[in-house]
Amino acid sequence: SIVNNGAAKRPELIAHGMPEALKLNHNSMKRCFGKLVEKGNRSLKLKQLMEEMEHVEGVLAHIFAFTQEAIVTPPYVAFAVRPEPGCWEFIRVSALDLSVKSLTSTEFIKLKEIIYDKEWANDEHALEVDFGAIEFTTPHLTIPSSIGEGLSYTTKFLTSNLSGKLENAQPLVDYLLSLEYQGVKLMLNETLNTVSKLQTTLILVDIFLSTLPPDTPYENFHLRLKEWGFEKGWGDCAGRVKETMRCLSDILQAYDPTQMEKFFSWLPTIFNIIILSPHGYFGQADVLGLPDTGGQVVYILDQVKAMEDELLLRIKQQGLNFKPQIIIITRLIPDAKGTKCNQEIEPVLGTNYSKIVRVPFRTEKGILHRWVSRFDIYPFLERFAQDATAKILDLMGAKPDLIIGNYTDGNLVASLMASKLGITQATIAHALEKTKYEDSDLKWKELDSKYHFSCQFTADILAMNATDFVIASTFQEIAGSKKKPGQYESHEAFTLPGLYRVVSGINVFDPKFNIAAPGADQSVYFPYMAKERFTSFQPAIEELLFSNVENDVHIGYLADKKKPIIFTMARFDVVKNITGLVEWFGKNEKLRNLVNLVVVGGFFDPSKSKDREEMAEIRKMHELIDKYQLKGQIRWIAAQTDRRRNGELYRCIADTKGAFVQPALYEAFGLTVIEAMNSGLPTFATNQGGPAEIIVDGISGFHIDPNNGAESSKKIANFFENCKNDHAYWTKISNGGLKRIDECYTWKIYANKVLNMGSTYTFWNQLNNHQKQAKQRYIQMFYNLLYKNLVKTVPVAVDDTA
Ligand code: UDP
Ligand code: LCN
């Protein structure tokens, strides 16, 4: 059977091959290991390990190629080896006799702990968190390449659960019987309460429907169907009703997952959706580029439009006349800094049934007026969840059918709400903060006063486990690449010494993981060669790029206005590495001769910033411009909030035959990358994170290594040199990017996938109700006994009294 409970145990290939490999070069290996343990307890990342073990060859070199890190605790050296995405082996080698032992992930973590917190490592009663232990019934995937295709496998598991004896399909019948919306019964009534009754009646109705022209409206024959036991929801005309019914007949006859997938995509189960994005300034204008306010806002506004369109289409095809409702819940910020974030309700432009609803942060002292950094937000969330739930029930007049969280705070609130209301939950992590900072788990104590990672990682683990499905933008987000673990994967086993040790946090082979990549709004971001451009913006953009004036909006200037422009735009977070790019440019004479640099982001007076990282980055920009004497070759433009004008800006950069550069140290997805590609702008983007998957190197753009500036700036310079010699080269890469977008990154594909997930996982949940309840109990305990205490360590932001 296809159902496999728990992840399959992988053969320990590395551990088996290792003793033989060590024997081959026994003497040199002994020397090597002897050297490794000489310096006492320490941890080594792959790069360091390679440097210290230069002369390794053969099988051992092969093993090291998959090693992520090594822990030295003399006389032992332990290795964490990752032969494939999501698959780990832990091996300990003795430097004394080169004997090899396999370790569990927990044993390996304990070794790491010895280096950071010996007392904790040796505490026999240290808290171990094991979410895997309560996964006793859910099947898992086994092959790494299937990771992220959860929906398709869940459908297969589901099909196999229902198959066999006819009675096995009774849960599906019961589910169809339970469907209703606002008091209107849908799909089946009690006349058809068993599988066999349903099956026979479907055959009868099929004969009846075949006598009607396919376009006969549902109203003309609905009374006949009702007598048989069928309610609304099967289709808007005889043709569609017949197709849906055939699909169900097929399922009951032969249990075909393809039919099952189709049937669930047609079922009327989702009408009302809640999307949560508490932090930052969430608005439709004047907010982008403000701290903590970037791609997440863009993503959600586009997502809502795409989902509303798809819902309207589906509801019509189901033969229903309900109106969908989508509500984005965010924080109301009274001190809105000229944005609309102090407005309670705002309709989403370009939609008919979607709105933004803002709920303030409250404490016993009243409403908080000022913005709060996403790192300091935890004390407000529980109350926010309660207030928001009340607001939603009031406004919607019904329970939502699906709650989608975003980022740590939104996902936590979504989990609280979904568990309270008993509805299906999805989570999106635009970025999981843990992977952005090296060893952020082990070093949590050092970082906690600044970042409150103890709260953040705990909240993330809670939400990952509570959620019914996860929407990821790329495979790498879940399980990384051949070389690097994924964001979720890094939550599988980790440790916060002194707090708890995660033995099993999340399993990337869980069928809840799904990839649905976002797109860019193609009415804003379209190719430079389009006939109709946003010409009205062009004079302003000309001034922005090329005037020699320095003011509040731009500093620096471009002396040679004929050169192509390399362009970048981002929030001024350290990880965005904009200052890194400026430095590469400063150092690379060849590149400076070939192109000008234009940077959009931040502003110029660091004392005006409320965000720690932004302040530091602004200072650094000024220093670099001075140090490398960049004036004349750089234009630094303050953060730009007008999306349409920014769309035209990308195209104007394309007109100069320039390129977009996204140099982030790590980028979860990278919306600017697909905006640039949609504009036909050749794009160089970081190989750390999502962009590595969006771009096929050398075909639809280029990968650059943010940790190797010299190599990266050389790659950019070479591109422009090639373009000089061969004018068609620029166009070739530009077209490659456009083609890639059309094939993989559009909102239409996204909305369809996500709604199918909502429908299928809702039923899957009901089938696995016991499992879900057990897990919720564990989560509740974790939340109350641990998380809530951690929140108490975060200072509660207050308004300035001045
Ligand atoms: N953006 C903008 N003005 C700025 C900086 C960024 O409009 O000054 C927009 C950018 O066009 C993109 C989003 O903000 O739509 C940034 O998304 P991305 O995924 O690149 O990064 P994030 O900020 O979410 O980390
Ligand atoms: C947040 C990020 O940091 C980006 O990597 C994403 O592109 C964006 O959200 C949208 O998902």
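Colleague: Which residues does Ala797 touch, leaving out those up to four places away in sequence?

Modeller: Ala797 touches Leu368, Arg370, Val372 and Phe380, where contact means heavy atoms within 4.5 Å. Keep in mind that this is a predicted model, in which local features need pLDDT of at least 70 and side-chain atom pairs count only at pLDDT 80 or more, while totals for chains, interfaces and linings use all residues. Residues are numbered from 1 along each chain as its sequence is written, chains are lettered from A and ligands numbered from 1 in the order in which they are written, and side-chain values use heavy atoms, with hydrogens and water left out.

Colleague: Thanks! Is Ala797 buried or exposed?

Modeller: Ala797 counts as buried, at 12% relative accessibility. Buried means under 20% relative accessible area, exposed over 50% and partly exposed in between, using a 1.4 Å probe and protein chains only.

Colleague: And where does Ala797 lie?

Modeller: Ala797 is in the segment after α29 (769-791). Helices (H or I, at least four residues) and strands (E, at least two) are DSSP runs, numbered from the N terminus.

Colleague: Let's switch to Arg331. Where is Arg331 placed?

Modeller: Arg331 belongs to strand β10, residues 325-332. Arg331 is buried too, with a relative accessible area of 2%.

Colleague: What does the side chain of Arg331 reach?

Modeller: The backbone oxygen of Leu368, at 3.3 Å. A polar atom of the Arg331 side chain also lies 2.5 Å from the backbone oxygen of Arg370. These are polar contacts: pairs of N or O atoms within 3.5 Å; within protein, one must be able to donate a hydrogen and the other to accept it, and residues adjacent in sequence count only if both atoms are side-chain atoms.

Colleague: Which other residues is Arg331 in contact with, beyond four places in sequence?

Modeller: Among them are Ser277, Pro278, Cys341, Trp371, Val372 and Phe384. Phe361 is on that list as well; Arg331 and Phe361 are 30 residues apart in sequence and 6.7 Å apart in space, C-alpha to C-alpha.

Colleague: Zooming out, how many helices and strands does the chain have?

Modeller: The chain has 29 helices and 27 strands. Its radius of gyration is 28 Å, close to the 28 Å from the globule rule for 802 residues, so the chain is as compact as a globular protein of that length. That radius is taken over C-alpha atoms, and the rule is 2.2 Å times the number of residues to the power 0.38.

Colleague: What share of the chain is buried?

Modeller: Buried residues make up 60% of the 802 residues.
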